Amino acid sequence: MRCTYSCGSAEHVLSRRSFLGGTAALLGGAVAGVPGFSPFALADSLEKKRKQILVVYLAGGSSQLETWDPKPKTETGGPFGAIETSVPGIMISELLPRTAKLMHLMALVRGVNTHAAAVDDHGKGDYLMHTGRAQAPGQEYPRLGAVASKFLGKETDALPGYIHIAPGHGGLGRNESAFLGPRHAPLYLGNGQAPANTLRDPAITDPADQSRQAFRCMLNDRFAKRRRSAETEAYTSTYEQAAKLMRERDVFDISKEHAADRFRYGDFDFGRHCLLARRLLEAGATYVQCVHSNYDTHNENFAFHLEQVGEFDQGFSALLEDLHVRGRLEHTLVIVMSEFGRTPHINFYQGRDHWCKAWSIALAGCGIKKGIALGKTNAKGTEVVDHEVTGGHLFHTYLNAVGLDPAGGFEVDGRPIQIAEPTATSIKELLA
Amino acid sequence: MNTAVSVDPAKIASVKEFAHSSPLMTCRFDPTGAYVLAGSQDRLVIRWNLESAAKTTFEAHESWVQALAFAPDGRTVLSGGCDGKLIWWNATDQKPKPIRSIAAHHPWVRSIAVSPDGKLAATSGTDKLVKIWSIEDGKLVHEISGHAKDVYRVLFDSKGAFLFSADLKGLVKRWEAATWKHLADLDAAKLYHYDQGQGVDFGGVRDLAISPDGALIACSGLIEASNPLGAVHTPAIVLLDGKTGKEKLLERPKEDIKGSMWSVRFHPDGFLLAGSGGGSGGLLFTFKPDQVNETYKFTLPNMLYDVDLHPDGKRIASAHYDGKLRLSAFAPVKTT
């Protein structure tokens with residue numbers, strides 16, 4: 001049951017193109033799509049093939065040397081070797097044997113340098129890689145998940161536009177949707193669990209539930225006629241989203257998946273979370289972020305990466321292969337990233353520290369070329385020597401890949417704001 | 001090893017340094033006491049003659065060398081590395097070549113122990129396995145599973161009756177060497193930590209030592225891991241009763257020292273020698289087996305990863321991050 005004022009009236013519906021002032025938005029003002037400034041310029045057929053985004057975030061800063069850009073038998077290379085992949089000439093760490101077999105579906109970006117944005121800091125690196133912009137005081141831009149929710153999500157979606165599968169309890173307390181407002185804020189699934197309180201008390205019967213819903217809607221409608229505000233819109237939207245979630249609760253339950261799949265993805269949290277990500281994407285989720293923690297290995301980097309990257313390899317490769325086999329990869333952009341990489345120098349704890357001058361990410365799927373490694377670092381991995389890119393370039397590229405125009409934007413308090421950092425551009429060599 | 005050495009556990013001095021250009025991961029004296037060998041991050045086994053300081057390199061590993069063990073006669077030495085290989089060498093060759101190379105574990109060999117009769121070698125690895133090899137022909141004699149995590153250490157008791165294997169979770173397993181039957185699980189889990197926030201398993205038994213009479217088993221590692229990924233933890237030793245397997249004592253530095261107790265040895269005089277590396281640098285400790293805190297702490301100039309005790313019971317080798325193999329020595333007990 002829906003309340004009349006928020007379900008059918010063009011004036012009242014919380015459209016992805018419409019205003020929604022977030023209570024926590026630092027910019028605080030009205031946000032609107034700007035005529036002639038639309039992100040949909042490149043997206044005429046968005047509805048034909050629904051674009052989705054999967055981000056696998058290796059929290060803490062995974063080592064490029066133990067993943068995508070190995071330097072075996074060098075002073076900085078560490079103990080691990082490099083292995084051949086399904087693409088002749090592209091070698092990756094021996095810790096990724098399953099992913100290596102899928103390299104023909106992927107693109108590696110080995111020339112990431114985020115030093116200009118001074119991002120040897122976890123928070124700043126995380127912000128840059130999710131917004132494409134350097135963090136600055138007094139400014140807050142929406143993260144990729146919120147942007148995807150707004151521009152790729154649909155009003156009728158049963159699932160929230162931005163779903164974040166987090167280890168532990170989940171929820172980071174950040175203003176991730178910024179001026180896009182709470183409608184596009186992430187739904188956190190702490191440790192892959194279904195949202196709390198989505199199971200109706202069994203003591204409440206269907207008729208009783210319908211009756212109380214009708215009563216709530218009546219009060220809402222009466223209130224809205226006199227005091228409608230962005231906050232009440234958000235409240236109503238959230239309530240309706242919650243009602244949808246209660247109906248769709250099974251989508252969060254990976255026990256519904258075959259045991260063979262659960263085994264294939266791995267009997268550990270990240271494997272289970274990857275399987276949940278598949279389930280969510282197949283249920284139509286617009287943006288799913290799956291976090292694997294923790295790669296901040298100042299101490300015993302190699303022993304920790306041995307375990308962590310092994311888990312990543314199993315869960316991620318199973319997910320990527322399934323997206324491919326099930327025909328979803330062509331409309332799902334897959335991004336594997338961290339806030340930064342790790343130092344080529346091996347410290348005396350046998351660890352690697354934060355490093356943003358020369359590191360790597362991996363991409364696959366929608367709009368991305370297959371089987372390429374773009375960019376190059378020097379023999380010790382200390383500098384980018386070819387095709388240097390930064391977070392802004394990557395953010396532009398992600399938007400382009402899913403058919404959004406990075407030059408499109410919002411209007412906040414009458415001021416046009418471009419979705420992506422205006423000084424950066426897409427990395428054409430990565431775009432299919 | 002001498003049985004009555006009579007050194008002063010409260011007095012250690014630096015003696016000598018041997019230099020290499022890459023961090024040293026492990027070190028062992030040869031049983032004759034003429035050489036010290038080290039394994040390095042640049043894929044070498046390095047031998048130094050203790051008298052002449054002559055340096056010889058053994059080249060065959062494809063990755064870091066982090067395990068060494070001698071046969072009792074001192075002629076055969078085995079090395080294990082992060083390439084998973086177990087390699088046999090003639091320890092005293094002028095131009096050493098591998099006698100045999102075996103893919104023993106995947107991906108890393110963590111430790112090697114040779115039985116007292118010199119017939120068998122036990123290895124452990126990151127594959128959670130323990131394997132038993134014939135020293136003579138390199139054949140796999142037995143494979144032991146049962147550990148749920150990385151097996152850091154294997155060790156035979158002095159009579160060769162038992163094999164001990166110890167893992168990341170602080171579990172020590174006792175096996176009957178004649179049959180490889182599992183006899184008991186010993187608990188050194190105080191050395192293990194699961195960090196909920198960081199989502200990592202950490203710690204474990206980094207080294208094992210058995211007292212000459214078999215009465216005590218020393219498990220070295222770390223405690224108080226408040227930040228595993230940031231190397232904030234305290235070196236420690238869990239002493240277990242050799243018969244019951246029950247914990248007898250937790251030994252730890254009396255000061256606020258940060259690091260891991262990478263190595264532990266029982267000295268013939270009855271005390272423990274241990275090596276710690278970490279935030280507080282490279283340190284040697286001596287502990288009495290009935291006291292919580294150390295008898296003596298000796299500070300070395302650089303982070304260390306391993307320590308060994310010379311067969312004479314007087315000299316100590318330590319393998320360091322700066323590529324130095326450092327020799328230290330106990331002072332003799334003064335006699336009147």
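Colleague: Is Glu17(B) buried, partly exposed or exposed?

Modeller: Bear in mind that this is a predicted model. Glu17(B) has a relative accessible area of 42%, and the buried class stops under 20% while exposed starts over 50%. That puts Glu17(B) in between, so it counts as partly exposed.

Colleague: Which residue forms a salt bridge with Glu17(B), and how far apart in sequence are the parts that the pair ties together?

Modeller: The partner is Arg326(B), with the closest N and O atoms 3.1 Å apart. Arg326(B) is buried, at a relative accessible area of 5%. Arg326(B) sits in strand E30 and Glu17(B) in strand E1 of chain B, so the parts tied together are 309 residues apart in sequence.

Colleague: What about the contact between the chains: which residue of chain A does Lys149(B) meet in a salt bridge?

Modeller: The contact takes 32 residues from chain B and 24 residues from chain A, burying about 2,200 Å². Three salt bridges are counted between the two chains. In the one with Lys149(B), N to O is 3.0 Å, and the chain A residue is Glu307(A).

Definitions and conventions
Residues are numbered from 1 along each chain as its sequence is written. Chains are lettered from A and ligands numbered from 1 in the order in which they are written. This is a predicted model: local features need pLDDT of at least 70, side-chain atom pairs count only at pLDDT 80 or more; totals for chains, interfaces and linings use all residues. Side-chain values use heavy atoms; hydrogens and water are left out. Contact means heavy atoms within 4.5 Å. Buried area is the accessible area (1.4 Å probe) that two parts lose on being put together, summed over both. A salt bridge is a side-chain nitrogen of Lys or Arg within 4 Å of a carboxyl oxygen of Asp or Glu. Helices (H or I, at least four residues) and strands (E, at least two) are DSSP runs, numbered from the N terminus. Buried means under 20% relative accessible area, exposed over 50%, partly exposed in between (1.4 Å probe, protein chains only).
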